[in-house]
Amino acid sequence: MKIDSHQHFWEYDPKRHEWIDESMKRIRRNFLPADLKPLLDDAGIDGCVAVQADESLRETDFLLDLADQNPWIKGVVGWADLGADNLNETLDNYSSKISLKGFREILQGRDPEYMLREEFIRGIQTIGKAGYTYDILVFPHHLKATLELVKKCPEQAMVIDHLAKPYIKKGEWKEWKKEMSPIAERENILCKISGMVTEADWAKWTHETLLPYMEIALELFGPERCMFGSDWPVCLVAGEYEQVFSTVVDFTSSLSDSEQKLILGETATQFYNLH
């Protein structure tokens, strides 16, 4: 299967989605499965993983309902309060939802120390024991703390979203690569080749702008731990779906057929246990 490992759905609400500022007004509207399916079909993509954009159990339920109605939504990365005392109870409530594959929080909006709290680490370990993955959404200044987190959770399957959002607009990659390298040495950590166009200059980015970051991700993680994600509809502030997808397709075109298949679907299928 070809899989888009990272996209979002929402019914736009100015309060819930206050992060969508004036510069992003193109995405200040509803984005639902009927909007995405034609784009996937045009790209020859078989299915997707819907990832939370709001920190609430309502969001998790919303995405699970969409997955129930649309079998091509192969998996859901929902939200739960991993530091909560009732986390096990929450997981029990979702145990029959086979499309729920993992969890994510908006760590990029928090102090790096947040992810090193004892209760958070306990929560990561708890979801791991229940068979769930974890998506790490951070900026480069969180990477030192991210390394400490993954050291404390050596068995937990985790994936770094959007290559940890390197400073593409500034052309900076040396420090980012240096801090990603020890994280990539841990076999349980994967990387999404996603979210790049919104970290670049929205109006001026090119394939060549993004190429160094994709090359470094591939060098550090290998194709068996890299997966394509569109970050649709957020990507629309900087480019169309087809542009984002073709950037990764073009990048992989020099790789072997088996390596291309890994990045464009097989890695995500295995990581999220998609069917």
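The questions below concern salt bridges, cysteines, a helix and a loop residue.

This is a predicted model, in which local features need pLDDT of at least 70, side-chain atom pairs count only at pLDDT 80 or more, and totals for chains, interfaces and linings use all residues. Residues are numbered from 1 along each chain as its sequence is written, and side-chain values use heavy atoms, with hydrogens and water left out.

Q: How many salt bridges does the structure hold?
A: A salt bridge is a side-chain nitrogen of Lys or Arg within 4 Å of a carboxyl oxygen of Asp or Glu. By that criterion the structure holds 18.

Q: Which parts does the salt bridge between Lys192 and Asp135 tie together?
A: The N to O distance of this pair is 2.7 Å. Elements are DSSP runs numbered from the N terminus: helices are H or I with at least four residues, strands are E with at least two. The two residues are 57 apart in sequence, so their pairing ties together strand β7, which holds Lys192, and strand β5 (residues 133–136), which holds Asp135.

Q: Is Lys192 buried or exposed?
A: Buried means under 20% relative accessible area, exposed over 50% and partly exposed in between, with a 1.4 Å probe and protein chains only. Lys192 has a relative accessible area of 0%, so Lys192 is buried.

Q: What separates Asp41 and Lys37 along helix α1?
A: Their closest N and O atoms are 2.8 Å apart, in a salt bridge. Because they are 4 residues apart in helix α1, the separation is about one helical turn.

Q: How many disulfides does a search of the whole structure find?
A: A disulfide is a pair of cysteine sulfur atoms within 2.5 Å. Cys191 is in no disulfide, as the nearest cysteine sulfur, that of Cys226, is 5.3 Å away. The search of the whole structure gives 0.

Q: Where around α8 do its buried residues lie?
A: The buried residues of α8 are Tyr241, Val244, Phe245, Thr247, Val248, Phe251 and Thr252. The arc is taken from the directions from the helix axis to the C-beta atoms. These residues cover only 150° around the axis, so they lie on the same side of α8.

Q: Which residues does Gln156 touch, not counting those up to four places away in sequence?
A: Gln156 sits in the loop between α5 (143–152) and β6 (158–160), and its relative accessible area of 5% makes it buried. Contact means heavy atoms within 4.5 Å. With that sequence exclusion, Gln156 touches Ile124, Ile127, Gly128, Tyr132, Thr133, Tyr134 and Asn188.
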